[in-house]
Amino acid sequence: MFGKRGTPQSGGAASKGFGAGGSGATPKPAPAPKEEPRQSTSAKDKKEPAAKPASKPAAPTPGAEPQSSKKDISAEGKEKLDTIKVNVFNDLMEAVDLSELSALTPEQVREEINDMVSEIISMRGLVLSMPEQQLVIDDICNDVLGLGPIEPLLARDDIADLMVNGPDVVYIEVDGKMEQTSIKFRDQAQLMNICQRIVSAVGRRVDEASPICDARLADGSRVNVIAPPLAIDGTALTIRKFKKDKLTLENLQQFGSITPELKTVMEVVSEIRLNTLISGGTGSGKTTLLNCMTGHIDPSERIITCEDSAELQLQQPHVVRLETRPPNLEGKGEVSMRELVKNCLRMRPERIIVGEVRGPEAFDLLQAMNTGHDGSMGTIHANNPREAISRVENMIMMGGYNLPSRAMREQISGAVNIIIQASRLRDGSRKITHLTEVVGMEGDIITLQDLCVYEIEGEDSNGKITGRHKFSGLRPTFWEKAKYYGLERKLAEALQQNV
Ligand SMILES: Nc1ncnc2c1ncn2[C@@H]1O[C@H](COP(=O)(O)OP(=O)(O)OP(=O)(O)O)[C@@H](O)[C@H]1O
Ligand SMILES: [Mg+2]
């Protein structure tokens with residue numbers, strides 16, 4: 001056993017509000033325990049009807065029961081089980097020293113919690129069925145070890161995004177569609193506590209004084225927290241879940257995001273070290289695509305990655321991963337993306353990969369691309385390749401570089417070879433919509449040439465968008481480079497052109 005501060009007593013402080021423990025504990029017909037989402041247990045919440053109308057009808061999803069099915073569960077039985085959970089949890093917190101728990105492995109903690117919860121249940125004279133007891137133990141373990149009510153969602157690999165809008169509203173994105181779940185946090189304090197735990201794991205903090213924080217989970221999922229008073233209705237927690245199995249270009253082809261021919265051309269682009277910008281809107285699949293493209297980098301190359309929150313999952317052996325740092329509470333110690341990219345240049349990189357280009361580091365990345373670090377890549381928020389170029393121009397201008405506009409455009413057109421556009425279509429599917437070459441300059445204008453464009457044709461009976469990837473038939477300007485790498489045949493076959 002570990003640091004007990006006192007054995008829980010059924011009449012003790014921890015059991016406040018649990019007066020009729022014995023009767024309250026008598027289980028009603030058991031709700032499906034594993035499937036059952038956690039419900040808010042505060043007195044205030046209990047008075048309210050359990051189901052709050054969702055803004056959109058929620059489709060049923062395993063592990064996150066839709067609100068509509070709540071009426072199947074005995075509301076009274078559920079309420080009692082929730083009360084038991086809270087009381088057992090309080091007793092447990094009275095009895096254990098959490099700092100000692102942190103010294104144990106998760107398995108050991110689970111075992112300890114298991115023992116203690118069984119002990120508390122018997123001391124309180126509660127009568128619970130085995131599945132109910134297991135549910136109580138699982139929920140408490142999730143609270144102590146993991147991320148509380150959202151823990152089951154994190155275990156699911158089909159969820160792309162998890163959005164918590166205050167303690168009572170949790171949305172998920174599955175198959176490109178938003179769904180509201182019935183999961184709730186006990187209260188704002190529990191939600192905030194979990195956010196704290198997430199961000200402190202990467203040495204950051206979030207509170208009223210510094211209410212905005214980026215972090216990541218141990219599995220690489222990207223996290224953003226914005227707390228009150230900035231988030232008006234309670235802390236907003238957004239998690240971009242990273243797939244356990246890294247997606248590859250093969251997978252994107254299976255999903256219909258690219259055709260086999262486009263896949264081949266994209267492989268060649270990566271293999272022959274073209275400088276590439278991946279452009280797209282929020283959640284369009286930029287980071288995923290960047291990951292996929294890096295899968296075709298030669299294992300012998302030295303790669304340096306710079307990210308705001310390390311998301312990339314490079315498989316190559318020779319990778320140095322760098323991450324920016326926000327300022328501390330006194331506003332000191334910030335390390336910006338620009339500083340990271342500049343520092344990269346002194347680290348003998350062969351390729352530099354910038355997770356997201358969003359500020360003056362654009363200039364440093366272009367410099368790197370222009371000075372022998374071929375095959376560098378980055379993502380950028382833009383709706384089409386032309387806009388991506390304008391965004392780079394704006395970023396450089398806002399960085400305070402006093403470059404004449406023509407000189408700036410020459411830098412861009414000299415540095416960037418390819419822009420790949422990712423899009424999330426209105427049916428939730430993700431497509432690569434453009435593979436565009438930066439050809440050069442015509443007067444003051446940067447000339448672009450689309451090699452492949454996705455053309456939308458219509459919609460099928462299921463509301464899915466139909467369309468096709470169309471190659472322009474033009475010979476890419478990187479043909480000679482492909483030849484240099486001995487890949488012109490591969491390219492010719494994909495483009496159905498003569499060698
Ligand atoms: N081609 C695809 N087909 C299906 N799902 C995809 C595809 N590309 C990406 N996804 C999924 O979409 C989600 C968002 O992808 P990703 O993180 O790459 O987007 P992003 O454009 O980088 O987003 P952000 O703008 O927030 O950085 C992820 O869960 C990812 O697994
Ligand atoms: Mg991204």
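These legends describe close-up views of a predicted model.

**View 1. The largest nonpolar core of the model.** This core has 62 residues. Val265, Val341 and Leu365 have the most contacts inside it. Helix α13, residues 361-370, gives the most to this core, with 6 residues. A second, separate core has 27 residues, among them Met192, Ile194, Ile198 and Val225.

**View 2. Surroundings of Val341.** Neighbours within four places in sequence are left aside here. Val341 is then in contact with Cys306, Ile352, Val354, Glu361, Asp364, Leu365 and Ala368. Leu365 is, with Val265 and Val341, one of the residues with the most contacts inside the largest nonpolar core.

**View 3. The shell around ligand 1.** Ligand 1 is surrounded by 15 residues, and the closest are Ala160, Gly285, Lys286, Thr287 and Thr288. Two or more residues of the shell come from each of the elements α9 (249-255) and α11 (286-294). Helix α11 gives the largest share, 3 residues. Sorted by class, the shell holds 3 nonpolar, 8 polar and 4 charged residues.

**View 4. An open sheet of 6 strands.** The strands follow the order β3-β2-β1-β6-β5-β4, and their pairing is antiparallel. At the edges are β3 (177-181) and β4 (212-216), each of which pairs on one side only. On average, neighbouring strands of this sheet are turned by 15° against each other, direction ignored.

**View 5. The pairing of β1 with β2.** In general, strands of a sheet pair through backbone hydrogen bonds, either parallel or antiparallel. Strand β1 covers residues 159-165 and strand β2 covers residues 170-174. The two pair in the antiparallel sense over 5 bridges. Met163 has Tyr171 in β2 as its bridge partner.

Key
Residues numbered from 1 in each chain as written. Chains lettered and ligands numbered in written order. Predicted model: local features only at pLDDT ≥ 70, side-chain atom pairs only at ≥ 80, totals over all residues. Core = buried A, V, L, I, M, F, W, Y, C linked by C-beta atoms within 7 Å. Buried ≥ 20, exposed ≤ 12 C-beta atoms within 10 Å, placed from the backbone. Helix = DSSP H or I, 4+ residues; strand = E, 2+ residues; numbered from the N terminus. Contact = placed C-beta atoms within 7 Å. Near = placed C-beta within 6 Å. Nonpolar A, V, L, I, M, F, W, Y, C, P; charged D, E, K, R; others polar. Pairing = 2+ DSSP bridges. Axes fitted to C-alpha atoms, helices over the stretch in contact; angles between N-to-C directions.
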